[in-house]
Amino acid sequence: MANTKIKINDADEAYEIILDAIVTQQLAPSQKVSENILSDQFGISRTIARNLIEQLIAKQFLVTVSARVTQVAPLTLMEIKQNFALRKMMLPNIMALSAGPTINYEELYTIANEIHSMQPNEDDHSALAVLKLNRKANLILCGDVGYPLM
C-alpha cells in the first residue's frame, strides 16, 4: 500500500486505511507521522491527512509530542490488558443501557457466525478482518451509548 499513485479523496476511506495501518503496525507505535508522510505513503491529500491527524489524536491513536512532532501512540502490553479489563468490567452495564429494540440481533448473529468461520486466524489480513467484524458487532451492541473504547 505504500507509495501508492492513486489519490484517495474520501475521508472515511482514508480514515479506515490509516487506522488499519496503525492496527497492523504498518505505522508502528511511536513512529513519527505528518501530513506529508501520510500523503506520500497512502495517497491522500494533505487536507485530508491534516483532518485525520486531528481525529486520530482525539481518539488517542496518535499523540502530540511537541508542536511539530506527532507520533503513533505507543502501545504497551500493560495498556492492552488494562483496556480489556476495563471493557470486561464495563461491558455488562453498557449492554444493559443499550439493550432493546434498536439492536439488530439477526445482523449480530450473522457477524458472530462470520467471525467463527474465520477462526483460527492464519495471517495479519484475516486477523484484521476479524477485528473489523468485532468492532462492527460492538458498535451494533453499544454504538448508541457512545462508549469510547468501541
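Select Thr 70 first: apart from neighbours within four places in sequence, Thr 70 is in contact (heavy atoms within 4.5 Å) with Gln 31, Lys 32, Val 33, Ile 53, Ile 57, Leu 62, Val 63 and Thr 64. This is a predicted model, in which local features need pLDDT of at least 70 and side-chain atom pairs count only at pLDDT 80 or more, while totals for chains, interfaces and linings use all residues. Residues are numbered from 1 along each chain as its sequence is written, and side-chain values use heavy atoms, with hydrogens and water left out.

Thr 70 lies in strand E3 (residues 69-72). Is Thr 70 buried or exposed? Thr 70 has 12% relative accessibility and counts as buried; buried means under 20% relative accessible area, exposed over 50%, and partly exposed in between, with a 1.4 Å probe and protein chains only.

Now show the whole chain as a cartoon. The protein has six helices and three strands, in the order α-β-α-α-β-β-α-α-α from the N terminus. Helices (H or I, at least four residues) and strands (E, at least two) are DSSP runs, numbered from the N terminus. Of the 150 residues in the protein, 30% are buried. Among contacts between residues at least 6 apart in sequence, 62% join residues at least 24 apart.

Next, select Ile 18, Leu 27, Leu 38 and Ile 44. These residues have the most contacts inside the largest nonpolar core, which has 19 residues. Helices H1 (11-23), H2 (35-42) and H3 (46-58) are the elements that give two or more residues to this core, and H1 supplies the largest share, seven residues. A second, separate core has ten residues, including Leu 108, Ile 115, Ala 137 and Leu 141. A nonpolar core is a set of buried Ala, Val, Leu, Ile, Met, Phe, Trp, Tyr and Cys residues joined through side-chain atoms within 4.5 Å.

Then select helix H6, residues 124-142. Its 19 residues reach 26 Å from first C-alpha to last, close to the expected 27 Å (1.5 Å times one less than the number of residues). Buried residues in H6 include Ser 126, Leu 128, Leu 133, Asn 138 and Cys 142.

Finish at Leu 86, in helix H4 (residues 77-98). Leu 86 is partly exposed, at 33% relative accessible area. Together, Leu 86, Met 89 and Met 90 make a nonpolar surface patch of about 270 Å². Such a patch joins nonpolar side chains (Val, Leu, Ile, Met, Phe, Trp, Tyr) within 5 Å, from residues with over 30% relative accessible area and no salt bridge (a side-chain nitrogen of Lys or Arg within 4 Å of a carboxyl oxygen of Asp or Glu). Accessible areas come from the Shrake-Rupley method with a 1.4 Å probe; for residues, only the protein chains shown count as cover.

Methods: Patches are made of residues with over 30% relative accessible area and no salt bridge: like charges are joined within 9 Å, nonpolar side chains (Val, Leu, Ile, Met, Phe, Trp, Tyr) within 5 Å.
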